[in-house]
Amino acid sequence: MAKLGRELSAKGIDVINLSFGEPDFFTPEFVKEAAKTAVDENYSYYTPVSGYPELRKAVAEKLLRENGLNYSFDQIVVSTGAKQSLANAVMCLVDPGDEVIVPTPYWVSYSEMIKLGEGETVFINATVENNFKITGAQLEAVITPKTKLFMFSSPCNPTGSVYSKEELADLVAVFEKHPNIYIISDEIYEHINFVGKHASIAEFDSIKDRVILINGFSKSYAMTGWRVGYMAANKEIANACDKLQGQITSGTSSIAQRAALAAYQGGLETVNEMVGEFKKRRDIVYALLKEIPGVNVNLPDGAFYFFPEIKSYFGKTDGTQTINSAEDLSLYLLNEAHVSTVTGEAFGNNDCIRISYAAAEDKLIDAVTRIKAALAKLS
Ligand code: PMP
C-alpha cells in the first residue's frame with residue numbers, strides 16, 4: 001500500500017498517508033542534545049551486548065517509578081528496538097511444534113517471528129463488539145499441553161485497545177492454572193494511553209517470573225529510527241537473549257543508547273504533550289468515522305489507530321471496482337479517495353482496515369471526508 005501510495009504521489013496526486021506506524025512528531029530536543037553530546041564525547045565504541053549498564057539501570061528505575069515493578073538491572077536486555085526484543089524472546093522460548101497463542105488482530109510481525117521459531121500460532125479472534133479484547137474463558141479454551149507462550153500488545157497495534165487491570169486479572173487467573181506458559185507483554189505503546197495509568201500483566205506477582213515485558217523508546221519519545229527497545233524478564237531468559245543477541249547484532253547504537261538514557265532521565269512532559277495531541281485527533285476522527293454508514297468503529301483507548309470493521313461493503317461496487325475483501329477496500333480508498341490505509345488482513349482480521357491518526361489534524365479531517373465520499377459511491 002505504501003509503494004502504491006508513493007507511485008500515485010510521484011504522479012502528482014495528493015495522497016494522504018494514514019498507514020504510518022510511527023508518531024509524526026519530532027524526537028524531543030533534550031534527547032537530540034544528548035545524542036550530539038555523545039558524539040562529541042566519543043561514544044563510538046562497541047557497546048555491551050545487553051546495553052550500557054547506566055541505561056539498563058535507568059530502565060529498571062523507570063519500571064519501578066512508573067509501573068511499580070521490581071527488576072534488577074541484569075534482568076534488562078536493551079536491543080535494536082522492541083522488535084528485536086520480541087524476536088529474541090520468541091527465538092529463545094519457542095521450540096519446533098510449540099504452540100503460541102496470539103489474539104487477533106495482532107501486530108504483523110508476531111506470526112512471522114513464530115514461524116521463524118518453527119512454532120505453531122493459535123489465534124483467538126477478538127472482534128469490535130468486545131473492543132478487540134479477549135477474555136480468560138477464550139484463552140482457556142485454546143490452551144493445550146503444547147502451549148508454550150502467549151503473546152499480545154496493550155495498548156494494541158492495530159486496534160488501540162487497552163486492557164484494564166481487571167481484564168488482565170481475568171487472563172492471569174487462567175495462567176495461574178497453567179504454570180508452564182510464558183507471556184510476552186508488548187507494552188511499546190504504554191504511554192499513548194487515554195484512560196489513565198497503564199496496567200502491565202507483570203504487575204501480577206503470581207506470574208511475573210513468566211512475563212517477558214517488552215518496551216522501548218520508538219513511540220513514547222518519537223524515536224522510531226533510533227532503534228532502542230528492551231525486555232525485562234527473569235534472569236535465565238535475559239541471559240539467553242543476551243547470548244543470542246551477542247551472535248546476531250551485538251549491543252545497539254552507542255549514540256542512540258545515550259539519547260535513550262536522557263529520555264528516561266528527562267521526565268514525561270514531551271510525552272504527555274504528544275499524547276494530548278493524539279487524544280484530540282482521536283476524538284475528531286472518531287466523530288467523523290461514526291457518521292459514515294456501514295463503518296463499525298469503536299473508541300480506542302490508546303495507541304494512534306482506528307480499526308473499523310468495513311465488511312458491510314463486501315459485494316458492493318462503484319460500477320467498475322467490486323469490493324470483496326478488506327484489501328480490495330483499502331486499494332479502492334487509495335485509488336478513489338487517495339487515502340492510504342492498511343488492510344486488516346495484515347493483522348489477521350479480514351473484516352477491518354487500519355487507519356493511523358499519526359497525521360496533522362487538517363489532513364485527518366480531509367482524509368476521512370474523502371473516505372466518506374468514496375464509500376458513498378459503493379452500492
Ligand atoms: N510492537 C508493536 C505492537 C509495534 O507496533 C511496533 C512498531 N510498529 C513494535 C513492537 C516495534 O517497535 P520498535 O521500533 O521499538 O522496534
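# Reading strands, helices and domains in a predicted model

Modeller: Let us start with β9 and strand β12 (residues 353-356), which pair in the antiparallel sense over two bridges, where pairing requires that DSSP finds at least two bridges between the strands. This is a predicted model, in which local features need pLDDT of at least 70 and side-chain atom pairs count only at pLDDT 80 or more, while totals for chains, interfaces and linings use all residues. Residues are numbered from 1 along each chain as its sequence is written.

Colleague: Which residue in β12 is the bridge partner of tyrosine 305, and in what order do the three strands of the open sheet lie?

Modeller: In general, strands of a sheet pair through backbone hydrogen bonds, either parallel or antiparallel. Here the bridge partner of tyrosine 305 is serine 356 in β12, and the open sheet runs in the order β9-β12-β11, with antiparallel pairing. β9 and β11 (342-343) stand at the edges with a single partner strand each, so one side of each has no neighbour in the sheet. Strands are DSSP runs of E with at least two residues, helices are runs of H or I with at least four, and both are numbered from the N terminus.

Colleague: How does the sheet of seven strands read, and which strands stand at its edges?

Modeller: The order in this open sheet is β2-β8-β7-β6-β5-β3-β4, and the pairing is mixed. The edges are held by β2 (76-79) and β4 (120-125), and each has a single partner strand, so one side of each is left without a neighbour in the sheet. From one strand to the next the twist averages 20°. β2 pairs with strand β8 (residues 229-232) in the antiparallel sense over four bridges, and valine 77 stands opposite methionine 231 in β8.

Colleague: At what angle do helix α4 and helix α5 pack, and is their crossing left-handed or right-handed?

Modeller: Two packed helices are described by the angle between their axes and the distance between the axes. Helix α4 (residues 82-93) and helix α5 (residues 109-116) pack at about 35°, with axes 9 Å apart; the axes are lines fitted to C-alpha atoms over the stretch in contact, and angles run from 0 to 180 degrees between N-to-C directions. The crossing of α4 past α5 is right-handed, that is, the near helix is turned clockwise from the far one by less than a right angle. From α4, Lys83, Leu86, Ala87 and Val90 meet Ser109, Met113 and Ile114 of α5, contact being C-beta atoms, placed from the backbone, within 7 Å.

Colleague: Which residues come nearest to the ligand?

Modeller: Of the 13 residues around the ligand, the nearest are Gly81, Ala82, Lys83, Asn157 and Ser218, where a residue counts as near if its C-beta atom, placed from the backbone, lies within 6 Å. A cis peptide bond joins asparagine 157 to proline 158, with omega about 25°, and another joins serine 154 to proline 155, with omega about -10°. Proline 155 lies in the loop between β5 (147-153) and α7 (165-177), and proline 158 is found in the loop between β5 and α7.

Colleague: How far apart do the C-alpha centres of domain 1 and domain 2 lie?

Modeller: The domain assignment, which is automatic or from a database, gives domain 1 (2-21 + 270-376) and domain 2 (29-265), and their C-alpha centres lie 28 Å apart. Their contact takes 24 residues from domain 1 and 26 residues from domain 2. On the side of domain 1 that touches domain 2, α10 (269-290) and β9 (305-306) each supply at least two residues, and α10 gives the most, with six residues.

Technical notes. Two residues are in contact if their C-beta atoms, placed from the backbone, lie within 7 Å.
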